[in-house]
Amino acid sequence: MKLKNVSKFFDKTKAVDAYNALYSFKCQVEPLDMYRTEGTRIKIRNMSTAPGVTIPARRVIKIDDQAYIVSDSSLDHWSGEAIRSRYVLQGADHVVEIRTISQVLEDVAGVQAFASIDFNKYGTDERDSSRYHPQYHIYFGKETVEEDYVVHTPSSNYLVKNSYLTPAGIVDALANELDDPVVQVSVSAGRAYDPVTDNYTATTSSVRAILVRWQEYFEYLTQGSTKYERGDAQLFVLPAVPAKAGDTVIISGEDFKVLSHLDRTGYRTLHIRREP
């Protein structure tokens, strides 16, 4: 009997595609070794299958009720023949929604995906406050997650700062935690002088926006760009919102002056400052 067939005989654990329960396969999962776990990575396991087994395209499986992200494979060989495929499993305890900034502003549904969210570090900025701003690694299977995407869970929101495909074949998105990203703001734009009433008039509209700390998303294009001052913020709005330098934005009853704007792909950023 071939060694490959012997090892296949012990594939007794059923794994199911986390996104399509109609597809399943048999595998072996090694017992949890407490000496090789630390912190939040306690749900990392090792799995092996017969070489011909196909892993689901989005690289997430379920064993019992636990979801796992599946790494790329590494083959074991004997006498020149592949006998086992080995994988690393990362426990995925969160179901998140992945959206672009424009999708959030347009209130368009994004992509639902399983993810693992691991704390990375705290950041502070003494120019603003002593408050800690947490940053996380968010791990995915084969998902499209790019810079400036918004990842939403029922309790938190994250702005992706960067993402890359790890050597293990898992997508790692480095993201900063945000407050509730969607706020309803009033924009007073198109300020014009009326000589009849001797007053200035403006068109006021209520729009969806994303309010973030200025440090989360700024870019000095020239030496003449308006420099940061304490309390400044960045506001993301759709390109159709006619806000420009000098206009007023009202957020939770407070007036903010628009200092500058930059047009991005699918949205516009406003540098705003609280008016005295």
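Salt bridges in this predicted model were assigned where a side-chain nitrogen of Lys or Arg lies within 4 Å of a carboxyl oxygen of Asp or Glu. By this rule the count comes to 12. Side chains of opposite charge can pair when their charged atoms come close. Residues are numbered from 1 along each chain as its sequence is written, side-chain values use heavy atoms, and hydrogens and water are left out. Local features need pLDDT of at least 70 and side-chain atom pairs count only at pLDDT 80 or more, whereas totals for chains, interfaces and linings use all residues.

One of the salt bridges pairs Arg58 with Glu143, with 2.8 Å between the closest N and O atoms. This pair links distant parts of the chain, 85 residues apart. Arg58 sits in the loop between strand S3 (44-49) and S4, and Glu143 in the loop between S10 and strand S11 (150-152). Helices (H or I, at least four residues) and strands (E, at least two) are DSSP runs, numbered from the N terminus. Burial was classed by relative accessible area: buried is under 20%, exposed is over 50%, and partly exposed is in between (1.4 Å probe, protein chains only). Glu143 is buried because its relative accessible area is 13%. Arg58 has 28% and is therefore partly exposed.

Arg268 and Asp263 form another salt bridge, with the closest N and O atoms 2.7 Å apart. Arg268 is buried, with a relative accessible area of 12%. Asp263 is exposed, at 53%. Shared partners also join Glu30, Asp76 and Arg86 into one salt-bridge network. Asp247 and Lys244 meet at 3.7 Å, N to O. Asp247 has 4% relative accessibility, so this residue counts as buried. Lys244, at 38%, counts as partly exposed.

Rolling a probe the size of a water molecule over the atoms shows where empty space is left. On a 1 Å grid over the protein atoms alone, a pocket is an open set of points where a 1.4 Å probe fits, with protein on both sides within 12 Å along at least five of seven lines. Grid points are joined across faces, edges and corners, and a volume is the space filled by probe spheres set on the points. The largest pocket has a volume of about 610 Å³. Its lining has 26 residues, and those closest to the pocket centre are Arg131, Asp179, Leu211, Val212 and Arg213. A lining residue has an atom within 4 Å of a point.

Six strands are named as giving two or more residues to this lining: S10 (129-140), S13 (171-178), S14 (182-194), S15 (199-213), S18 (254-263) and S19 (268-274). S10 gives the largest share, five residues. By class, the lining has 11 nonpolar, five polar and 10 charged residues. Here Ala, Val, Leu, Ile, Met, Phe, Trp, Tyr, Cys and Pro count as nonpolar, Asp, Glu, Lys and Arg as charged, and the others, Gly among them, as polar.

Phe119 belongs to strand S9 (residues 111-125). At 40% relative accessibility, Phe119 counts as partly exposed.

Lys62 is partly exposed, at 31%. Val88 lies in strand S7 (residues 81-91) and is partly exposed, at 37%. The C-alpha atoms of Val88 and Arg45 are separated by 6.0 Å, and the two residues are 43 apart along the chain. Ser188, in S14, is buried at 17%. Ser188 and Lys257 are 9.9 Å apart, C-alpha to C-alpha, and 69 residues apart in sequence.

Backbone torsions were also considered. Most residues other than glycine have a negative phi. Asp107 has a positive phi, near 60°. Asp107 is placed in the loop between helix H2 (101-106) and S9. Ser252 also has a positive phi, near 50°. Ser252 lies in the loop between strand S17 (248-251) and S18, and is exposed, with a relative accessible area of 73%.
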